[in-house]
Amino acid sequence: MNSHALKSDLVQSSPEGDRRRQLAPKPMTVEDTGLTLHFLGELFVKHINDAGLLTLKQLMQRVALSGPVIESVLNFLRQEVLIEVHSRGFEQRELFYGLTQRGRDYAFDAYAKSGYVGPAPVPIERYRELVREQSVHETKVNREQFYKEFSKVILKDELKEQLGPALNSGRAIFIYGPAGTGKTYITQRMVKLFDDTCLVPYAIAVEDYVVSLFDPLIHRPVEEAKEAPNLIHEEGYDARFICCERPVVLTGGELGMDMLEVSYNPVLKEYQAPLQLKANNGIFIIDDMGRQRATPMEIFNRWIVPLEEHKDYLTLGAGKHFQTPFDQVLVFSSNINPLDLADEAFLRRIGYKIYFGYLDPNQYEQIWRQVCHEKNVPFDAELLHYVLYQLHGKHQVALRPCHPRDLLGMAVDRLQYQSDQDALTTEHLEWAWNSYFVSLGAQEEMSEPQHHKGGTSHD
């Protein structure tokens, strides 16, 4: 047995492998796939048309189905005179399958209905079951886990005591507070508390419609899932799924209402799943709430039904409606007061509203020390005192978690530029301060004042 096969067997015989087989058993017949023979036949001829000629093994890898299923579909296509067998030379014994003229016509008609050419999709009914069985809300976070994950993060204990229960609640979370107080960093890090995996289908089928779901920018396969699946034997789970870390979808000002609906490419004739469908069994973070292309109320109203029913309703071509599960930790993050974005009736549906405020000098010092260590800069108490009381104090700028990293980073940039100096000084930090914040004096000289997210040094 080669090393690859041995590794695959070890993975499949592990408790995690057993769980995957239970969640998504490998289909060994056409009926097991939940798809019709006609549907699979159309998918096969598109693959063969796309490649020219394919072997049995190549077809198995392309459509992610086992040998017995492949043979059943190929028998159907041969009976319909849609494919023919080719051989390539005397020494190459493997058979190749190509299309007949009738098969090419059949493929043309199949493309006219759907341009999808990929792994066989999973029926929407099976997808609903799987999302429910691996729900993110079944993975509970306890205090010990939370404090361990955030042990090196400067975060007030009262915030930890709010965030932990909020993750377990199954309700949406609204995190708000001034810009630069760590809201985005903390929300993205929270997904590490969910250290298990989930199965994500490459695509789902709604009757004869196929909606692509797997997104390599969002779904991160675990190492063993990157191995080529063994489709010949009965071992293993359904290869139409890929085992991934729980997904994290982060969107900000670019969010529009169209991104929350199924999209259709009329040129490729392909459907693409919306963001919330890709976020199922994971976390969906809407950052910078209130600065999206869509209005806050449009976005909030879009979530009323999913938040209450844990279901979403989407639309395909020709007005075809279908229901999908809504299983995710939904997080809104904003530096705008929630009462300025939504009415109290909607805010009650969210449940958890968590405020991220400014730091005290002790917390600021802890972050400063961490950044010094990361950047290999010796900690100097006098420099920190200068920043706290001569810069922040003089200009009355509140202490934010982003300031140590940003100011030290710019000061190091200055130090490296000045090759004749080998240690940070107050001059470097004052230069960084003046470069980081917008000057009110400069604003007054401009005909049209510019407002930047960084704020001003005198606000």
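Q: The charged end of which residue sits over the ring of Phe 150?
A: The charged end of Arg 189 does, at 5.9 Å from the ring centre. A charge sits over a ring if NZ of Lys or CZ of Arg is within 6 Å of the ring centre and within 35 degrees of the ring normal. Arg 302 lies over the face of Trp 303, at 6.0 Å from the ring centre.

Q: Where do these values come from?
A: This is a predicted model, in which local features need pLDDT of at least 70 and side-chain atom pairs count only at pLDDT 80 or more, while totals for chains, interfaces and linings use all residues. Residues are numbered from 1 along each chain as its sequence is written, and side-chain values use heavy atoms, with hydrogens and water left out.

Q: Turning to strands, in what order do β1, β2 and β3 lie in the open sheet?
A: The order is β1-β3-β2, with antiparallel pairing. The edge strands, β1 (54–55) and β2 (83–86), each pair on one side only. Helices (H or I, at least four residues) and strands (E, at least two) are DSSP runs, numbered from the N terminus, and two strands pair if DSSP finds at least two bridges between them.

Q: Which helix packs on that sheet?
A: Helix α4 (residues 37–51) does, touching β1, β2 and β3. The direction of α4 makes about 95° with that of β3. Contact means heavy atoms within 4.5 Å; axes are lines fitted to C-alpha atoms, for helices over the stretch in contact, and angles run from 0 to 180 degrees between N-to-C directions.

Q: And in β3, what is the bridge partner of Leu 54?
A: The partner is Tyr 97. β1 and β3 (residues 96–99) pair over 2 bridges.

Q: How many residues does the largest nonpolar core have?
A: That core has 30 residues, and Leu 40, Phe 44 and Leu 77 are among those with the most contacts inside it. The elements giving two or more residues to this core include α4, β3 and β7 (203–206). A nonpolar core is a set of buried Ala, Val, Leu, Ile, Met, Phe, Trp, Tyr and Cys residues joined through side-chain atoms within 4.5 Å. Buried means under 20% relative accessible area, exposed over 50%, and partly exposed in between (1.4 Å probe, protein chains only).

Q: Are the residues of β7 buried or exposed?
A: Ala 203 and Ala 205 on one side and Ile 204 and Val 206 on the other are all buried.

Q: Which strand runs antiparallel to β7?
A: Strand β8 (residues 209–212) does, joined to β7 by 4 bridges. The two form a hairpin with 2 residues between them, and Glu 207 in the turn has a positive phi of about 55°.

Q: Changing topic, how many aromatic pairs are there?
A: The count comes to 15. Rings of Phe, Tyr and Trp (its six-membered ring) pair if their centres lie within 6.5 Å; planes under 30 degrees apart count as stacked, over 60 as edge-to-face and the rest as tilted.

Q: Why is the pair of Phe 300 and Phe 346 tilted?
A: The ring centres of Phe 300 and Phe 346 are 4.6 Å apart and the planes are at 40°, so the pair is tilted. Both residues are buried.
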